[in-house]
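Here are my notes for you, one point at a time. Keep the structure open and click along as you read.

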Amino acid sequence: MMLMGKSTVLLKFKLHKRTIRLCLGACIAILAPILALIVAPCFCDDPMTIINRRTPVRTFYDINGQVIHMEPTYDFQWRFDIPLEDVSPFAIRAILDTEDTRFFQHGGVDYRSTIRAACQNLFHRKIVSGASTISMQLVSISKPRKRSYWNKILQATEARRLEQLHSKDEILQAYLNHLPFGGKIYGIQAASQAYFGVNASQLNRSEATLLAGIPQRPNAFKPDKYLQRARKRQITVLNLMRRNNSIAQDELIDIIKNEPLRMTKDRSYYPIAPKINPIHTHFINLARQEAQNSLHINCAIDTQATHLIHKALVDQLNKLPDVNDAAAVLIHNSSRQCRAIIGTVDFSNPIDGQVNAATAIRSAGSTLKPFIFLESMDAGLITADTILNDAKINFSGYAPGNYDGQYSGKIRAAEALAFSLNTPAVNLLKQITTQRMIRKLNEIDLVSSRINHANHGLALALGTVGHSLLNLTNAYSTIPNQGFFQKATFINQSNNSPISIAFSRPATQLITQILTSRELPQATFPIAWKTGTSTGNHDAWCIAFTPEYTIGIWVGNKNGKPSASLVGATAAIPPAVHALQAIYKNSFPKPWEYDQQLLPLNKICAESGLAPTPACKKIKLAQTLLNVPLAHCKKCTRFTKQQQITILSPKHNTYLTEDDEPVTLNLEANLKDVIWFIDGQFIGTLPNGSTHDFTPGRHTITAVDPNHNAKSHKISFAVDQLVLED
Ligand SMILES: [Zn+2]
């Protein structure tokens, strides 16, 4: 009994020990994953950082807010980031009911669903249900992994981490923006636009439930390919919603029977982006550079104006058989926003079509002249009425002539510019110096600061330094902007680039008056304009501006081939005029607002057109620049000098003396006080009637005006010995 009793106790003890071990094992088996799920997430990275690194589609809008281009992500996904508020609440409900009913109740892992799924998987001896919550799916989107129990545990751990670091709304928003909807379409906004042409906020209940069913098998339920399958899946979604009491039975029937699917039919827009219009390509490229990482790029482009300008260019090229390309830039003066950039008309050309001629550097002929005149005005060298000399010049071998080989002689500065005469511009540049001009051109972005002025010299006046049509047009818009220079922007927002004062307000107003003084052929309203033709007829230019817009036109061959028809006035004016007229349609530009106080009427010398001196005889009133002192007339000073001093005594004669005695002669001139030089020796300023003794021999005597107003007088005479005849 004792033995039996002892062995029973031992058995009980052994059994007890095994039970404890079993219980401990069970506890560890249950507690370990739970502990792991609590502790392990602390060692995980935030899965949202990977999600946030995925850039969505970039959308480009025109000045009126119309979409002109969309760019897919680097991996060609069509995906948009939209806030949760922009998604139809019904669609959100449908997706939650389909994917994760208890989303707002669990902390990343839905244990109830997990146990149910585990039982189902055990029964089927394979994974039939993942019990993935939305958070777990988002983790899976960020790090796709193979299906396995171990990966499932990792996914659950990271989902817990996600929930620790982010709010439910943040997780839901990221999920809706990254869900796959078939093909390259990701996120509910891209899906709404691709399949129904609406935003995610505008989905009707039928569309919302159809979309909610797609992510489970995106390519199998793609509604544009497998609509029947997708509709069948939609019924499942509706039933799930019904089961969760999100909709009533009659609502379910109403949705199926009465709500239409507004399927998109236009496959040319597939998947969702309007194809980029080649006319906008060059503008979009520049806007993209400026916008850097923005997803919504509000371009300053005026698409309507762009099309009108493009048409004007095409029409002109049809008239120029040996010219194959053209470019244009339109700048809105007050905002300094670029409204149009057309870098080519031949977009079909695989090589030339890609080259943006509007930003290419080319020789721009006479188009720099207005800036030389502006700088000369600000230097006080000229006003509109200053007389310049249009005649042959030769500066150490540099002898530029006029385009037509003719010279106009004396001409007003205003006309010299309006008629684009070369020699007056070269003369002005010589006076202001190329060094100063290059500094100014650099200020208005027309030449690089590294340019060596010595390499260009006076030929700079005739456009030997190259610049782009874009920079040239923007530099011109400094004139209607009263001398303020600013870089042009391609984005429709206030231009934050620095503003500098390049020219004075009076000078820009006067230049505007001059550039509008000649009517632009075929224009029905006043337009300020200037043309240019590069040496050798390679490029034809016209820059024209109204108070609102500055337009720049280049016509030429991209391969640089010259053509006799490449003349600014005939090749580039017509598209500039036609484009501006079309942009204004039947309206007119604002009238020019001239402030007469900037150009007060003052006396100038009528002979030189400069500030008069007492020597100037003919005086007239003319516009001068406020606060810019005008150089004094030197011409009339030279004129008075020709009124020579006349020595009245001694005379140009021979004086006789006896016995080598000096002859005493009076020193007299037609001026009161005169400086006398006798035989090259300075004598002094002597009053008329002073005397001097002259020994026998030849003498020279010079009278000089101490005020330098009259030309000096020099005579010579002789004092001879009187030989008495016997
Ligand atoms: Zn004068």
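1. F90, R93, A94, D97 and T98 in α3 meet R233, V237, L240 and M241 in α10. Sorted by class, this contact has five nonpolar residues, one polar and three charged. Bear in mind throughout that you're looking at a predicted model.

2. How do those two helices sit against each other? Two packed helices are described by the angle between their axes and the distance between the axes. Here, helix α3 (residues 89-99) and helix α10 (residues 227-243) have axes that come within 9 Å and cross at roughly 90 degrees. That makes α3 roughly perpendicular to α10, because angles of 65 to 115 degrees count that way.

3. Now hop over to another helix pair. Helix α8 (residues 188-196) packs against helix α9 (residues 205-213) at an angle of about 120 degrees, and their axes are 11 Å apart. So α8 is oblique to α9. The crossing, where α8 passes α9, is right-handed.

4. Who does the touching in that pair? From α8 you get I188, A191, S192, Y195 and F196, and from α9 their partners are E207, L210 and L211. By class, the contact of α8 with α9 has six nonpolar residues, one polar and one charged.

5. Next, have a look at the metal. Which residues hold the zinc ion? It's coordinated by the SG atoms of C605, C616, C633 and C636, at 2.1 to 2.2 Å. The angles between the four donor atoms run from 104 to 116 degrees, so the arrangement is tetrahedral. For reference, the ideal angle for four tetrahedral donors is 109.5 degrees.

6. Stay with the zinc ion and trace its donors along the chain: their spacing is C-x10-C-x16-C-x2-C.

7. Most residues other than glycine have a negative phi, and most peptide bonds are trans. R336 isn't a glycine, yet its phi is positive, about 60 degrees. You'll find R336 in the loop between β6 (325-332) and β7 (337-342).

8. Look for P650 in the loop between β19 (647-649) and β20 (654-657).

Definitions and conventions
Residues are numbered from 1 along each chain as its sequence is written. This is a predicted model: local features need pLDDT of at least 70, side-chain atom pairs count only at pLDDT 80 or more; totals for chains, interfaces and linings use all residues. Side-chain values use heavy atoms; hydrogens and water are left out. Axes are lines fitted to C-alpha atoms, for helices over the stretch in contact, and angles run from 0 to 180 degrees between N-to-C directions. Helices (H or I, at least four residues) and strands (E, at least two) are DSSP runs, numbered from the N terminus. Angles under 35 degrees count as roughly parallel, over 145 as roughly antiparallel, 65 to 115 as roughly perpendicular and the rest as oblique. A crossing is left-handed if the near helix is turned anticlockwise from the far one by less than a right angle, and right-handed if clockwise. Contact means heavy atoms within 4.5 Å. Ala, Val, Leu, Ile, Met, Phe, Trp, Tyr, Cys and Pro count as nonpolar, Asp, Glu, Lys and Arg as charged, and the others, Gly among them, as polar. Donors are N, O and S atoms within 2.8 Å of the metal (3.2 Å for Na, K and Ca); water is not among the atoms, so sites may look incomplete. Four donors count as tetrahedral if all angles lie between 85 and 135 degrees; four count as square planar and six as octahedral if opposite donors are over 155 degrees apart and all others between 65 and 115; anything else is irregular.
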